[in-house]
Amino acid sequence: MKSDTTLEQNEKTLRELLCDSSDFKTSDVETGDRHYRLFYLDTMVESVKIQDHIIRPLLHHNKSSVKEAVSILDYNETDLLSVASNELVEGKTVVQLDGESTLYLLGTEIIKERALNFPMNERVLRGSHEGLNENLNTNLNLLRKLIATPDLAVKSYQLGRRSKTKVSILYLRSLANDVLLNEFERRLEAVDIDYVDAPGFIQELIQDKQFTLFPKILITERPDRVRSYLMDGKIAILTDGSPDALILPVSFWSFFQSPDDYQVGWLFGSTIRFIRIVCFVLAIILPGIYVALVTFDPRILPFEIALTFQSSMQYVSMPPILEAITMLLILEILREATVRLPNPIGQTIGVVGGIVIGTVVVQSNLISNMMVIIVSLTGIASFIVPSYEMSNAARLLTYPFIIMSSIFGLIGLEIATILLMTHLVQLNTMGIPYFYAWFNKNTFQDTLFRFPIRYLKKRPTESMAQEETRLNSKKGAGN
Amino acid sequence: MFHLKKISLNQLVCLVTLTQVGVHVLTIPYDESRHSGHDSWMSILIGGVFAQLAIILIYQLGKRYPDQSLPQYIVLILGKPLGILVNALFAAFFAESTLMIVVSYADVMNRWVLFETPWIVLVGLSVFIVAFVAASSLRSIATLTQSFMGMFLICVVIICISGIGKGDWRHFFPIGTHGFGAVLKDTLPAFWAYAGYELLYYSFPFVACRKKSHILLAMSVANGLTTLFYFIISVIVMYNFSENQLKVISEPMVFILRKFRWPVVQSLDIVFMTIWLSVTTITAFVYLFLSARYLAFVGRKENRRHVLLVWVIASMVFGIGSWFADKQTLFSFIDFHHIMSILFTAVLPVFLLLVSFVRGKVMNE
């Protein structure tokens, strides 16, 4: 819709376009023979900017045009009212000179953001303590500061027919694989949805359609972690309104890497990496092993240990499989309650969960002692995995393992393992395998263990980087 | 989309070793000691040498058609109708091998671990996992196999630790009293034990390597590992049991495992058999996969519905396998299978190589 030359007509149309919203305000500036009118949403603009950089210059330089007068970098012109109304919503101020149809769009938006903070969900002991926040521009700024090279490409998209959420794809031009890049850009552009809720929506909309419990996109809120993946030739997706960066393509092993591994020396780094992976496996199979041992094959255990198990189960009437599933469900309920409850009441859960459920359940012979130990160990083990999504996968996988082992004993456990492994090796991101054995020639350095930096010569295979070599010198600079 | 089809040499070694090693570990060297008695370890070694010869033959055959797998180039060697017939025979042989392995291990599980589980459930479950895996691509199967290498190594450690203890080295002496003929006779059952390298018929063009000779090297390493492993087992068994005892014990390894007591694990045989299930499954799913691939080439064009073929063959295997609850049928089936193995893994490559060689000569002239 073309703008009119009269101020009143335009104001009326804009007001209609903005649904007669009450925060739509106008203000008149008259200087000499000129009569300007400013349109803005007073909830979206910073009044100081309007006063200092629009009104005052207009009054002072009453001879020059608007472009010459105002001191605002974000300057645009249009004569379409629909464009103007879209810009108004984003916090622009629209200025019109009486008698002209040109609309001047001036950036005066107010920026309200959470201060940069610790990454809430990914704490580390050494290394950067900076986390991403909800403002896309701030996040891009953080990343540009960390990767100060013109090679870093930032491509922006708007997703959501109605919400018009800003989404940015980041990658290193000389590293990221073109085929992957094109395909993901195509997928992003093909998304036709009214609004997107990051990161969940984007994750589900762009990943391959393949049923799985395992996360195939890594989510992080640490700029340094985003940098390390970009340097591997991967692609990062940032969304306005969410402090989470999506990283892809990733392999199974990426979910067990933490920035800490590379800060504390390779020997200890390898140890904690190994413990993490062992705990992930334990979180899946430990209750299953216990159920298989006590219900099916107690003869595997030495006599004394079997007696200990027996004595703890003596007065418990529930079969071990029910015990295990009940206890795990209780643990899930406690966990969910702790997340939802406000902080001051949160401690109540500790008391109720720890004392009532931990102690009384055993004393009243509903659940055996041994089962409480096993389930607590499983719960703690699942917390150790650095990726929340991966630990969710472990929590869900526990149940089929318990059921299989209660039907077929240890053999059932083995069968469940084979099926799970088969599922893992069948997974792929656009044909790039998701899982590979850790002792492959080019991958063993940074999967199950973290080798010294001087051995991490190649980029991970799953990122399909254009240039594979990372470290050029034969030995580290130390030697 | 990326289509990664090639497997690495590392994966080839794991794939071939673990396909060769299977249910046999429990019975070695019972079948091989029928004639040669305490000299059965020689039969095992000679069996390995024969397997190596067969590998060289298959490699030579593959090298003549480096971009194709056997079901594709067999038409070039034998002509259309005969080639398709051989493909069908191969598919049948691999399906029969799958059946053989599934049934033998279900039998082992039935007798040692899951006594009360109905036979049909055991077979059904085994066939289900085998088919579930075999429905994936060669690359996925290779990765899976590679990941199970760890399980195999655990088993090797368990075997080595539990085998050393109360035994007698005098069981081996006097060496060679049974004569060379008896030793040679007993290499025939060993053929089945070493079978698995015929995977190379199919996988030759899918191996990523700088030089083709690396494939032969990888195959030899794999076969060497298997031979070494079997040799260790037969030595451990002979160390623990005398010839007379061996005449009645058909699964000597299980007895050795059961006899051994660890402070944390009382009956090691159940743990071993549980872990060993994954190694046996590998043999079975590789065979089922091959069977489906060969079946895909029976017909005018390649049948691309791999998943469907796998499940069709699997349901047939299940149908036949559920009748094998009787031990006697199993024994006669094993004898039949020994002959088939020799035919397909040793005689056929010689024949194909000869024909292909003659054809090449004729073409040149």
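These legends accompany several close-up views of the structure. The model is predicted: local features need pLDDT of at least 70, side-chain atom pairs count only at pLDDT 80 or more, and totals for chains, interfaces and linings use all residues. Residues are numbered from 1 along each chain as its sequence is written, chains are lettered from A and ligands numbered from 1 in the order in which they are written, and side-chain values use heavy atoms, with hydrogens and water left out.

View 1. Let us start with α14(B), residues 306-321, whose 16 residues reach 22 Å from first C-alpha to last, close to the 22 Å expected at 1.5 Å a residue (the expected span is 1.5 Å times one less than the number of residues). Helices here are DSSP runs of H or I with at least four residues, numbered from the N terminus. His306(B), Leu309(B), Val310(B), Ile313(B), Ala314(B), Val317(B) and Gly321(B) are buried (buried means under 20% relative accessible area, exposed over 50%, partly exposed in between, with a 1.4 Å probe and protein chains only). Seen down the axis of α14(B), these buried residues fall within an arc of 130 degrees, so they line one face of the helix (the arc is that of the directions from the helix axis to the C-beta atoms). They pack against α4 (80-112), α5 (119-134) and α13 (268-296) of chain B.

**View 2. His306(B) and its surroundings.** His306(B) lies in α14 of chain B and is buried at 12% relative accessibility. Setting aside residues up to four places away in sequence, His306(B) touches Ala134(B), Ala135(B), Ser136(B), Phe289(B), Ala292(B) and Arg293(B) (contact means heavy atoms within 4.5 Å). Phe255(B) is 51 residues from His306(B) along the chain, and their C-alpha atoms are separated by 41 Å.

**View 3. His423(A) in contact with both chains.** Over in chain A, His423(A) sits in helix α14, residues 388-426, and is buried at 18% relative accessibility. Apart from neighbours within four places in sequence, His423(A) is in contact with Phe211(A), Thr212(A), Leu213(A) and Phe214(A), as well as Phe132(B).

View 4. Where do Arg111(B) and Asp107(B) lie? Both are in helix α4 of chain B, four residues apart, about one turn of the helix. Asp107(B) is buried at 9% relative accessible area, whereas Arg111(B) is partly exposed at 33%. Arg111(B) also meets Glu251(B) in a salt bridge of 2.8 Å, N to O. Glu251(B) lies in the loop between α11 (243-248) and α12 (252-259) of chain B and Arg111(B) in helix α4, so the pair ties together parts that are 140 residues apart in sequence. Glu251(B) is buried, with a relative accessible area of 6%.

**View 5. A salt-bridge network in chain A.** Glu8(A), Glu11(A), Arg15(A), Asp28(A) and Arg37(A) are linked in a network of salt bridges. Within this view, the closest N and O atoms of Arg37(A) and Asp28(A) are 2.6 Å apart. Arg37(A) is buried at 7% relative accessibility, while Asp28(A) is partly exposed at 41%. Over all chains, the count comes to 29 salt bridges.

Methods. Helix = DSSP H or I, 4+ residues; strand = E, 2+ residues; numbered from the N terminus. Salt bridge = Lys/Arg side-chain N within 4 Å of Asp/Glu carboxyl O.
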